[in-house]
Amino acid sequence: MPISSDPAPQPADTFVILLSGPYKPVPQQPVVDCTNLGLLQVNLCDGSFATTKIFPVSGLPQGVSGQTNPGEGPRSGERQAENAIGNFYVQPAGVHAAYDLPGGSMTMVFTGNNLTPVSDGQGGTYFVGTIQLDITEATGIYASFLGGHNNMVDILHQLPDGTFVEHCFCIISRPASTASNRHDSEGGTARSGHNDARA
């Protein structure tokens with residue numbers, strides 16, 4: 001059976017995912033027992049990280065998500081977990097975040113935060129606003145996003161017991177130069193293959 005030489009499907013220059021659900025602490029364990037997703041800038045098992053689920057919104061390649069119900073975000077009840085496509089890791093008292101996604105992973109560093117606290121009227125607090133991150137490490141199909149940016153549009157809910165529940169859209173973009181080069185390359189290929197059809 002011949003091996004396909006087609007490159008792996010790539011995300012759009014800008015894709016959107018949703019972080020949703022309660023944060024849970026990542027247990028501390030020795031580095032040798034920790035799965036760091038191929039990332040070198042973070043130690044996800046040092047006891048400083050919390051994690052929640054990732055759901056697709058737009059811009060990921062068809063079939064890459066591997067979810068049970070393609071194109072659907074989180075749902076209530078038992079079906080929420082089966083719609084998740086990965087895990088998000090964050091240091092609540094640090095500067096790093098990591099994304100475990102189908103086809104690769106990314107490390108990011110927080111660079112800006114304008115969240116505003118709003119009472120939920122029941123003893124808890126919503127933190128509403130945007131958060132900025134730079135992509136400092138990227139593997140797999142996300143390698144070309146190195147040096148890119150993540151604009152989080154966030155509604156983070158702190159419950160009265162101190163638990164945090166996330167609802168955050170992450171708008172993740174390639175560096176402008178990489179996206180431009182990619183479009184130029186694809187455009188050249190299309191024009192050479194179709195003569196003046198797209199000119």
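1. Asp13 is buried, at a relative accessible area of 13%. Buried here means under 20% relative accessible area, exposed over 50%, and partly exposed in between, with a 1.4 Å probe and protein chains only. Arg174 is buried too, at 6%. The side chains of Asp13 and Arg174 meet in a salt bridge, 2.8 Å from N to O. This pair links distant parts of the chain, 161 residues apart: Asp13 sits in the segment before strand S1 (14-25), and Arg174 in the loop between strand S9 (164-173) and helix H2 (176-194). The salt bridge count comes to 1, the rule being a side-chain nitrogen of Lys or Arg within 4 Å of a carboxyl oxygen of Asp or Glu.

2. A word on the basis. This is a predicted model, in which local features need pLDDT of at least 70 and side-chain atom pairs count only at pLDDT 80 or more, while totals for chains, interfaces and linings use all residues. Residues are numbered from 1 along each chain as its sequence is written, and side-chain values use heavy atoms, with hydrogens and water left out.

3. The overall layout comes next. The protein chain has 2 helices and 9 strands. Helices (H or I, at least four residues) and strands (E, at least two) are DSSP runs, numbered from the N terminus. The order from the N terminus is β-β-α-β-β-β-β-β-β-β-α. Of the 199 residues in the protein chain, 39% are buried.

4. The structure holds 5 aromatic pairs. Rings of Phe, Tyr and Trp (its six-membered ring) pair if their centres lie within 6.5 Å; planes under 30 degrees apart count as stacked, over 60 as edge-to-face and the rest as tilted. One of the pairs is Phe15 with Tyr142: the centres are 5.8 Å apart and the planes stand at 45°, so this pair is tilted. Phe15 lies in strand S1 and Tyr142 in the loop between strand S7 (125-138) and strand S8 (149-158), so the pair ties together parts 127 residues apart in sequence. Phe15 is buried at 0% relative accessibility. Tyr142 is also buried, with a relative accessible area of 0%.

5. Phe15 has another partner, Phe145. Their ring centres are 5.3 Å apart with planes at 80°, so the pair is edge-to-face. Again distant parts of the chain are linked: Phe15 is in strand S1, Phe145 is in the loop between S7 and S8, and 130 residues separate them. Both Phe15 and Phe145 are buried. Phe15, Tyr142 and Phe145 form one aromatic cluster.

6. Where is the lining of the largest pocket drawn from? Strands S3 (86-90), S5 (104-113), S7, S8 and S9 are the elements that give two or more residues to it. A pocket is an open set of points on a 1 Å grid over the protein atoms alone, where a 1.4 Å probe fits, with protein on both sides within 12 Å along at least five of seven lines; lining residues have an atom within 4 Å of a point. The volume is about 390 Å³, taken as the space filled by probe spheres set on the points. Of the 18 lining residues, Val90, Pro92, Phe110, Ile131 and Leu156 are the closest to the centre.

7. Asn36 is found in the loop between S1 and strand S2 (50-58). Asn36 is buried, at a relative accessible area of 15%. The Asn36 side chain reaches the backbone nitrogen of Leu44 at 2.9 Å.

Conventions:
Polar contact = N/O pair within 3.5 Å; in protein donor to acceptor, adjacent residues only side chain to side chain.
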